[in-house]
Protein chains: 4
Amino acid sequence: MPSRPAKRRPATAASRPNRDRPALRPQRSVGRERVANLMIAAADVIRERGFDAATMAEIAERAGAKVGSLYRFFPSKEVLADALMQRYADLIDAACDEIDARLSALAADELADLFVNFFVKIHHESGALTALLEARSHWSAKRLEFREQALKRFVNTLLLRAPALPRKTARDMAVVLLNNMKTMVAMTVDKSAPTSPGSADELRFMNRLYLASKLAGFER
Amino acid sequence: MPSRPAKRRPATAASRPNRDRPALRPQRSVGRERVANLMIAAADVIRERGFDAATMAEIAERAGAKVGSLYRFFPSKEVLADALMQRYADLIDAACDEIDARLSALAADELADLFVNFFVKIHHESGALTALLEARSHWSAKRLEFREQALKRFVNTLLLRAPALPRKTARDMAVVLLNNMKTMVAMTVDKSAPTSPGSADELRFMNRLYLASKLAGFER
Amino acid sequence: MPSRPAKRRPATAASRPNRDRPALRPQRSVGRERVANLMIAAADVIRERGFDAATMAEIAERAGAKVGSLYRFFPSKEVLADALMQRYADLIDAACDEIDARLSALAADELADLFVNFFVKIHHESGALTALLEARSHWSAKRLEFREQALKRFVNTLLLRAPALPRKTARDMAVVLLNNMKTMVAMTVDKSAPTSPGSADELRFMNRLYLASKLAGFER
Amino acid sequence: MPSRPAKRRPATAASRPNRDRPALRPQRSVGRERVANLMIAAADVIRERGFDAATMAEIAERAGAKVGSLYRFFPSKEVLADALMQRYADLIDAACDEIDARLSALAADELADLFVNFFVKIHHESGALTALLEARSHWSAKRLEFREQALKRFVNTLLLRAPALPRKTARDMAVVLLNNMKTMVAMTVDKSAPTSPGSADELRFMNRLYLASKLAGFER
DNA sequence: AATGAATGAGAATTCATTCAT
DNA sequence: TATGAATGAATTCTCATTCAT
């Protein structure tokens, strides 16, 4: 009974294992399209199954690709998740920019609604956001970073609107707003738990109430 | 010429005649203690790792038991989760009973705080609740049932307090409150995302604001 | 404070999205060879131990493969059995074609012998046939299909030889012949029960007697 | 991390392990009834699922007993199977006695029919016979012994009827007859494979033909 | 560069059998 | 004695990741 066959070449120190490499940024348009498709597929699968249950094989298949291709661009599942998070961070940045530009023209309630619908809009485009935020299995640095970055942008927008607001208060508010955004996604997008549209209205109402109350007296 | 001794019957995981059996009620005190330990361990592991990533082996080990014992009482991971959910449902029932008894003596803000801290208190006792509610992998009937039951109890309490409230409105409010409860757990108990205590205060404030506003004019 | 590294996603056997996929057709020559070896090994192990007692691990090992490879091509034990059955169905088809071609040149006794040795010849090539036909654990559709297909071919051959035979009679005869084929395998190939060669002669004799008697008067 | 707890007392040489003990022959009527029920349940389960797939737990449950009781009377699955086989051997003995008594009054065809229906009648009473004969997993001595004993009885009856028959021929015939008995069970009792009643008629016909042909000239 | 194949390290689940009360 | 509980060794199946052509 021969002992197990020796492990396949154990990745010599020289040959840096693949997974530490960051996501590949393809140069040619065909490559960029492929990456886009892979990320869409990944978002879909992760939304449907959750991060843990999503398999690289299904993601590749959903994108009409082979796992090999998937691994060419995203050397590990973690990196793929990170890339998605980065994408969401960028989307949030852009949306905040847009809000900031119109900020002085917005009524408080409008601002509140824009906030609360933030993630829903992102979800509309690529829906793995909440699934990734929930995933306990590996709170990668990237995911914490995302949270941080999002909060900072929200704080920034809040302070732009109400400069007299203490920064610390703004930060705590941002945390609450972020959770409301997640809740709104759960209530309007997730099909699993049956929720009447009325509850989304309630959430919107609560969010308006809260923001109006907090901004009152601090607004420019 | 097969020389090995005949193998025992393959414990074919495929033909699982067992999985659908409900959780076994232990008969003897040693069994009751074991079940209690198993549920504590399960709650711990599921909280820490999430439902998908929690393994039956770790749960058993943490309870000082062998998987065989775990499976004796809980014939599948699903059933184990369902048993936990049932436990939480019972806890909620009891807590609602308590609130209902004191209801007329409570200020609106006190009521709001009791609501928002609901899950935190449960978490304190057994912390897998939010992890289970998040688990996408299998929205088992039991889990939906739990949601439904919890919502019904909240509606009941709300209507007790404000009988003039339309039932449908109460239901939508309950959904929002439930999400606030989950958020509060995330903000105060989960150690993964660093959150200042201030944000919990903000959430409490928002919740008070909301409840007060909705109950105003409807209260007994 | 969980310190262990986050575990890989539990390869939950419960959520098997794979099992129902048909056997994979290998693309490369190395894959084809592997599949061939796996089927040989499977037939051997199933013959020796019976379907239930045969384990995927032993099959893989006997083929010099890892279970992972086995499952790549045959996503479940059922599918593996089905693939073997399909193989046997093809062999039977081919053998019937051959008999049909020579049919008019055959004496009735020769035909009877060809029939009764049918399964023995198949067994010689790949010996899981009777073990699979016996397996009670899961009368998969494929296995019933096999039976049906084999019976149809036998009926066809019988009617070719004796066109005046009522189809229903031919069908009933085919069932008897099929059982004789199985018996012949048991008597000549299985090493478990000690049987003298004389009993095979007796079976052959009975089969001749039967066929001659039934065909008499109906032959072309 | 303490190593695994020491195995529970490893059955000292003094305390002869249970499984070598033969089946308990209960003295009191209540015990005899319990054993009878257990054997009926065992036969049912084994017939339905096959020997390998039958579990001691299901057998006990089907008999309205606990596994502990089952093991009290049958110290292992093997012993249980052996007890069933012994039962079948006794039934066959009795049936042969009966045939022998009427032998001179029987037409050859009647004798043939009695033979071919042998196992069906037994099956009617307790149906695990063919399942046990098929079970490859452990060709225990008892099972071979059964075969031997049955064959001997058949030979005996054949020689009683046709004393001039060479003993060796009678033995080979008995093997064929035994297989026909099994086939008849498969065709008339097993519900899995759909078989028309006509095929049973064919089998009966073949069996008559064969026996008549073989006995001709040798009969008393 | 694309991709079919390999694989190792689990993970869920089962069950014959033995104990202890 | 009856029976609830314990257990350990198997067994099926999964999947992230790496190779070789």
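1. Ground rules. This is a predicted model, where local features need pLDDT of at least 70, side-chain atom pairs count only at pLDDT 80 or more, and totals for chains, interfaces and linings use all residues. Residues are numbered from 1 along each chain as its sequence is written, chains are lettered from A and ligands numbered from 1 in the order in which they are written, and side-chain values use heavy atoms, with hydrogens and water left out.

2. The contact of chains A and B. Chain B brings 42 residues to the contact, and chain A brings 42 residues. Contact means heavy atoms within 4.5 Å. About 3200 Å² is buried between the two chains, and carbon and sulfur atoms give 58% of that. Buried area is the accessible area (1.4 Å probe) that two parts lose on being put together, summed over both. Arg136(B), Glu202(B) and Met206(B) lose the most area on the chain B side, together 22% of what that side buries.

3. Bonds across the interface. Two salt bridges are counted between chain B and chain A. A salt bridge is a side-chain nitrogen of Lys or Arg within 4 Å of a carboxyl oxygen of Asp or Glu. Lys214(B) forms one with Glu202(A), at 2.9 Å from N to O.

4. The elements that give two or more residues to the side touching chain A are helices H1, H6, H7, H8 and H9 of chain B. H8(B) gives the most, with eleven residues. Helices (H or I, at least four residues) are DSSP runs, numbered from the N terminus. That side of chain B divides into 16 nonpolar, 13 polar and 13 charged residues. Here Ala, Val, Leu, Ile, Met, Phe, Trp, Tyr, Cys and Pro count as nonpolar, Asp, Glu, Lys and Arg as charged, and the others, Gly among them, as polar.

5. Symmetry. Chain B superposes on chain A by a rotation of 180 degrees with 0.1 Å of shift along its axis, at RMSD 0.3 Å. That is the relation of a two-fold axis.

6. Salt bridges within chains. The count over all chains is 60. In chain B, Asp201(B) pairs with Arg204(B), with the closest N and O atoms 2.9 Å apart. Both lie in helix H9 of chain B, three residues apart, about one turn of the helix. In chain D, Arg208(D) and Asp109(D) meet at 3.7 Å, N to O. Arg208(D) lies in helix H9 and Asp109(D) in helix H5 of chain D, so the pair ties together parts 99 residues apart in sequence.

7. A buried residue. Phe146(D) lies in helix H7 of chain D. Phe146(D) counts as buried because its relative accessibility is 3%. Buried means under 20% relative accessible area, exposed over 50%, and partly exposed in between (1.4 Å probe, protein chains only). Phe146(D) touches residues including Met85(D), Tyr88(D) and Leu133(D).

Terms used
Least-squares fit on C-alpha atoms with pLDDT ≥ 70 in both. Lists of a residue's contacts leave out its neighbours within four places in sequence.
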